[in-house]
Amino acid sequence: MKLTDQEKAMLDGAGGAAKRKAMELLIRYGEALGAERFVDTNNVTGVPGWATDFLRHYYKDRGTSYEAIFSLFDLDSDEIVEVPKMSVYSCHLQGSMDPKLWKEQGKTADALADYLQDEAGVAAHGIQVLKTCTPYLAGNVPVKGEHCAWMESSAVVFGNSVIGARINVEGRESTSSAMLTGKIPDWGLHRDEGRLGTHHIAVEVPVADVFNWGMLGYFVGDAVQENIPVLTGDVSNPSLVKHKHFGAAAASSGGIELYNIVGLTPEAASYEMAFGARKPVENLRYGRRERRQVYDTLNSVGSNADVDFVMIGCPHASIEQIWEVATLLDGRKLHSGTNLWIFTSRSVKSVADTTGYTKIIRDAGGYIMTDTCSAFGRTMPPDTKVVALDSAKQAHYLPAMMGVEAWFGTTRDCIAAATTGRWNASAP
Amino acid sequence: MTSEILENAIAGGRTIILRGRKVVGGTAEAEALVTRQTISGWGGVDPMTGTIIELRHELCGQCFSGKVLVFPGAKGSSGWSTIFHTARLAGTAPAAMVFTVMTTKIAMGAVAMHCPSVTDFDRDPFEVIETGDRVRVDGDAGIVEITKRK
């Protein structure tokens, strides 16, 4: 890779041992990609220094301080180095538990202590404690053309597609290194030619609500994998929540990091703009049959209609979604054997607290929880066997990770299941 | 042409050589585990056992530890490198990787795993490598040598 004088100086140790280790790792990574240079970034999100139970145990003889985990795992260093405050604007994404409702999530006091120790390390290193998979709903909204280094595939696809920021899906090691150096390989979606469409998808059934946007996203991800789809046709009524669910689903069933919908996303004012000089390598259609296949796939795990857990908030719920749930509950109580957990960021929860939604949902028997979700935190109410979900992404992951049956439907279907204990929705 | 090379290799017990580009250096030789499906790291793999857990994956339940993983590449969560990095520490990582589609996920994962890896081949590896074949990966030279199982 071609290095600037500033990058060479960091590699030579001018910024200290941690920045030297970070540059070494970023160069190995850039060479693996086939990148030729770095791009500067001042917007990084990741999970720096997160000590999972495994890492805490694995490194116990080397010490499990924040600096030890950051050095040995994040920087892939053989030695523990002094980790200074981060050099550029850095944010921590989601974590593994709600530090207030940890008992309800089945976590131990020891696990909480470890979690809070990690968090203190994050804050002490100048990293914003956002604790969410939706940084764009909690204070970190990039702008068009901004080069970012982000983890969290659902946030990356939102930033690229809806906003027009320039972001590759980064890993923990590359984001932690970027926080120290402000550098990330200039490859893929950082470059103009890396952002042109590859596949055309003609949408032939109406896609207008969150449920349908989510299913379309799941179809598109599976159909084009890590490529760049351009959609035309009957996609309407765009909103932040719909893009959030489309992108999260597309980044789970496949590896989509950027999509364009002609007329609705900033880099696709026209079909020609989205593809540039390229011709689509494949033309696909999404019709009635494809929609039914997606619905059946997402509802393929299980047959028991007695729902004991409803989970909302994948990716983390916006205040609009919490308002919707509070409105649907409207003074009703949850079914006696059914739990309702809504996951969001601390930032959005503070608005829900102030507006009264937290109380409405608590009075019904449900919880608003922060920081994590059932898949990421591996947490569900005790003895959960059958789950109802309004997120295609969560329906993709949760049965495999937690061994449960899952139903996928609209938010309204899910809240009905929470109050009746029964799944009573049908295919579109 | 390709099938002719393959048939000759099987008949003569010879090796087939693929030339590609270094991703991560080092050499390893092991049995191949081949899939034409991309693999999800976080939520798709149990790093404690080196097993694929994604319910809809054709290799669901199969273990890649110590094998040469031949696949298109990575999909899904940005936790890909974290999961495979953890697999290295847990001793369950693949011995080497042969893949066809470069992404940031697999590049970071290969680097964090210290896993000899090659991509950008002169021929389609899926046409010549089958599960069970003996495969030697020379990451630095970008060379993959295949000895057919039968």
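Select Thr119(B). Thr119(B) is buried, at a relative accessible area of 0% (buried means under 20%, exposed over 50%, partly exposed in between, with a 1.4 Å probe and protein chains only). This is a predicted model, where local features need pLDDT of at least 70, side-chain atom pairs count only at pLDDT 80 or more, and totals for chains, interfaces and linings use all residues. Residues are numbered from 1 along each chain as its sequence is written, chains are lettered from A in the order in which they are written, and side-chain values use heavy atoms, without hydrogens and water.

Stay on Thr119(B). Its strand is S10, residues 117–119 of chain B (strands are DSSP runs of at least two residues, helices of at least four, numbered from the N terminus). Now show Phe99(B). The side chain of Thr119(B) reaches the backbone oxygen of Phe99(B) at 2.7 Å. Thr119(B) also touches other residues, including Gly20(B), Val23(B) and Met102(B) (contact means heavy atoms within 4.5 Å).

Move to chain A. Select helix H6, residues 153–163, and helix H9, residues 240–253. Their axes come within 8 Å and cross at roughly 120° (axes are lines fitted to C-alpha atoms over the stretch in contact, with angles from 0 to 180 degrees between N-to-C directions). H6(A) and H9(A) are therefore oblique to each other (under 35 degrees is roughly parallel, over 145 roughly antiparallel, 65 to 115 roughly perpendicular, the rest oblique). Color the contact residues: among them are Val157(A) and Phe158(A) of H6(A), and Gly247(A) and Ala248(A) of H9(A).

Last stop: helix H2, residues 17–33, and helix H7, residues 172–181, of chain A. Their axes come within 9 Å and cross at roughly 130°. That makes H2(A) oblique to H7(A).

Terms used
Polar contact = N/O pair within 3.5 Å; in protein donor to acceptor, adjacent residues only side chain to side chain. Lists of a residue's contacts leave out its neighbours within four places in sequence.
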